[in-house]
Amino acid sequence: MKIGVVSFPGSLDDHDGLRAVRLMGGEAVSLWHGADDVHGVDAVILPGGFSYGDYLRCGAIARFSPVMEEVVRQANKGMPLLGICNGFQVLCEARLLPGALIRNEGQKFTSVTTPLRVESTSTVWTNAYAQGQEINIVLKNGEGNYQADAETVKQLEAEGRVVVRYLDNPNGSMNDIAGITNERGNVVGLMPHPEHNVDPTITTNLDGQGFFRSLESFLSSRV
Amino acid sequence: MALVVVNVMPKPEILDPQGKAVTGALARMGHEGFSVRQGKRFEIDVTGEVTPGRLAEISEFAEALLANTVIEDFEVIS
């Protein structure tokens, strides 16, 4: 599997993402925000950190970067796309996913390992988990508070599009939502960082590996 | 050079953590009975005349970029 990770000006976790891809047996391809193609990758990860200073709103300017045009085009054709943290914010700004991420309740920056429940295994990125499985994933952000209008949240719940839910809501997100997917299940955005929970040399908690194994199984079943 | 202002505010039904923090600070300073919501103001210098066409263009990019209409409302003032 050939996975691209986009570097925006201000991305922090692009190299962690590339490293996680290699650790999980994939070929990692670094994608530049100013480039207008994605070099034929099978999937794209939008990493965490910041982008363009996050002036205006988180992800608002990154959404209009040259590489995003091609990423959105490919995602609309079914290419797997994962947005982590700032990447999730970019996906919401690009309207690939509904809703928005605002300041955490209480204005606090959060940096914890947070317990989550996998609510949907019918996405490209979560099919390797068991329905209802509880996992612990690193979470670090100041603007991870998921908000959408009541109708949108109702629809997400009814269609099973809440992918992961906080067991101990750290930021005020509606319905404890930590991550969601699009209708097709190929685009997933979440605030926690699965790429930080894959490497046995730095952590005993490898709960993030399932995201990469899910992608691998999706890609191999497709061929 | 003419000035056009775009005000962006969080929608009434959306939680506003920044406004809430300011409201809390006011109460601690002894200012009772105030509830604050915090938004953004963009001052846009327009070269040439502010025509209806230019205003429509400003509305268009206010909606696309300056505001996220999922969580914010905006108004254009000329």
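Colleague: In chain B, what share of the contacts with a separation of 6 or more comes from residues 24 or more positions apart?

Modeller: That share is 70%. Keep in mind that we're looking at a predicted model. A contact here just means heavy atoms within 4.5 Å.

Colleague: Okay, and which elements does chain B have, going from the N terminus on?

Modeller: Read them off as β-α-β-α-β. That gives two helices and three strands in chain B.

Colleague: How do I judge the radius of gyration of chain B?

Modeller: Hold it up against a compact globule with the chain's number of residues. For 78 residues, such a globule would be near 12 Å, but chain B comes out at 16 Å. The box around its C-alpha atoms, taken along the principal axes, is roughly 45 × 25 × 15 Å.

Colleague: And how many of the residues in chain B are buried?

Modeller: Buried residues are 27% of the 78. Buried means under 20% relative accessible area. As for the surface, chain B exposes about 4,800 Å², and carbon and sulfur atoms supply 56% of that.

Colleague: Let's move to chain A. Which residues of helix α2(A) are buried?

Modeller: First, the general idea: an α-helix has 3.6 residues a turn, so residues three or four places apart point the same way. Now the case: in α2(A), residues 66–76, the buried ones are V67(A), M68(A), E70(A), V71(A), Q74(A) and A75(A). Down the axis of α2(A) they fall within an arc of 165°, so they line one face of the helix. On the other side, E69(A) and N76(A) are exposed.

Colleague: What do the buried residues of α2(A) pack against?

Modeller: Quite a list! Among the partners in chain A are the strands β1 (2–7) and β2 (27–32), plus the helix α3 (86–93). Just after α2(A), look for G78(A), which has a positive phi of about 110°.

Colleague: Where do the buried residues of α4(A) sit around its axis?

Modeller: In α4(A), residues 150–158, the buried residues are T152(A), V153(A) and L156(A). Their arc is only 95° around the axis, which puts them on the same side of α4(A). Turned away from that buried side is a face with the exposed residues A150(A), E151(A), K154(A) and A158(A). Cover for the buried residues includes β8 (145–147), β9 (162–166) and β10 (177–181) of chain A.

Colleague: And which residue with a positive phi follows α4(A)?

Modeller: That's G160(A), with phi near 65°.

Terms used: Residues numbered from 1 in each chain as written. Chains lettered and ligands numbered in written order. Predicted model: local features only at pLDDT ≥ 70, side-chain atom pairs only at ≥ 80, totals over all residues. Heavy atoms only, no water. Helix = DSSP H or I, 4+ residues; strand = E, 2+ residues; numbered from the N terminus. Rg over C-alpha atoms; globule rule 2.2 N^0.38 Å. Buried < 20%, exposed > 50% of the residue type's maximum accessible area, 1.4 Å probe, protein only. Areas by Shrake-Rupley, 256 points an atom, 1.4 Å probe, with all protein chains shown as cover. Arc of directions from axis to C-beta.
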